Amino acid sequence: MNNPPAFPLTSNWHNELKHYNGMGLRDYFAARAMQALIDNDGLFSEIPTQAYALADAMMKAREQ
């Protein structure tokens, strides 16, 4: 599974080119899914597993 950065950034600070990748797209999707699950009164102990399952489904959908 390809997991590109969610918010890639290239900066040219003082003529020194730097690349910042930060959070992976899968983790970003999982964080957003987790927020939705919490907002909808999901079972707290199952939320992380469900969030990553949803993130994996979103990653797979991106490949199509």
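# Notebook: a look around a predicted model

**Entry 1, the strands.** I began with S11 and looked up its bridge partner, which is K18 in β2. I also found N12 standing opposite L17 in β2. The two strands, β1 and β2, pair in the antiparallel sense over five bridges. For the record, two strands pair if DSSP finds at least two bridges between them. The element names follow DSSP runs, numbered from the N terminus: helices are H or I runs of at least four residues, and strands are E runs of at least two. Then I checked the turn: the hairpin of β1 and β2 has two residues between the strands, and H14 takes a positive phi near 55° there.

Residues are numbered from 1 along each chain as its sequence is written, and side-chain values use heavy atoms, with hydrogens and water left out. The score pLDDT is the predictor's confidence in each residue, from 0 to 100. The protein chain averages 86, and 97% of the residues score at least 70. Where is confidence lowest, and where is it highest? I found the lowest mean, 74, in strand β2 (residues 16–20), and the highest, 94, in helix α2 (residues 47–62). A reminder to myself: where pLDDT is low, the predicted coordinates should not be read in detail.

I picked A6, which lies in the segment before β1 (9–13). Is A6 buried or exposed? A6 is buried, with a relative accessible area of 18%. The cut-offs I use are these: buried means under 20% relative accessible area, exposed over 50%, and partly exposed in between (1.4 Å probe, protein chains only). Leaving out residues up to four places away in sequence, A6 touches M23, G24, L25 and Y28; contact means heavy atoms within 4.5 Å. I also looked up A6 and D27, which are 21 residues apart along the chain, and their C-alpha atoms are separated by 8.4 Å.

I counted 15 residues in α1, reaching 21 Å from the first C-alpha to the last, close to the 21 Å expected at 1.5 Å a residue. The expected span is 1.5 Å times one less than the number of residues in the helix. Which residues of α1 are buried? They are L25, F29, A30, A33 and L37. Seen down the axis of α1, these fall within an arc of 130°, so they line one face of the helix. The arc is that of the directions from the helix axis to the C-beta atoms. An α-helix has 3.6 residues a turn, so residues three or four places apart point the same way. What covers the buried residues of α1 includes α2. Q35 is also in α1, and at 42% relative accessibility it counts as partly exposed. After α1 comes D41, whose phi is positive, near 55°.

I turned to α2, which has 16 residues and reaches 22 Å from its first C-alpha to its last, close to the 22 Å expected at 1.5 Å a residue. Its buried residues are I47, A51, A55 and M59. They fall within an arc of 110° seen down the axis of α2, so they line one face of this helix too. On the other side of α2, T49 and K60 are exposed. The cover over the buried residues of α2 includes α1.

I looked up Q35 and A51, 16 residues apart along the chain, and their C-alpha atoms are separated by 8.6 Å. How many salt bridges does a search of the whole structure find? It finds one. A salt bridge here is a side-chain nitrogen of Lys or Arg within 4 Å of a carboxyl oxygen of Asp or Glu. The side chains of D56 and R26 meet in it, at 2.5 Å, N to O. The pair links distant parts of the chain, 30 residues apart, with D56 in helix α2 and R26 in helix α1 (residues 25–39). D56 is partly exposed, at 28% relative accessibility, and R26 is partly exposed as well, at 25%.

Key: This is a predicted model: local features need pLDDT of at least 70, side-chain atom pairs count only at pLDDT 80 or more; totals for chains, interfaces and linings use all residues.
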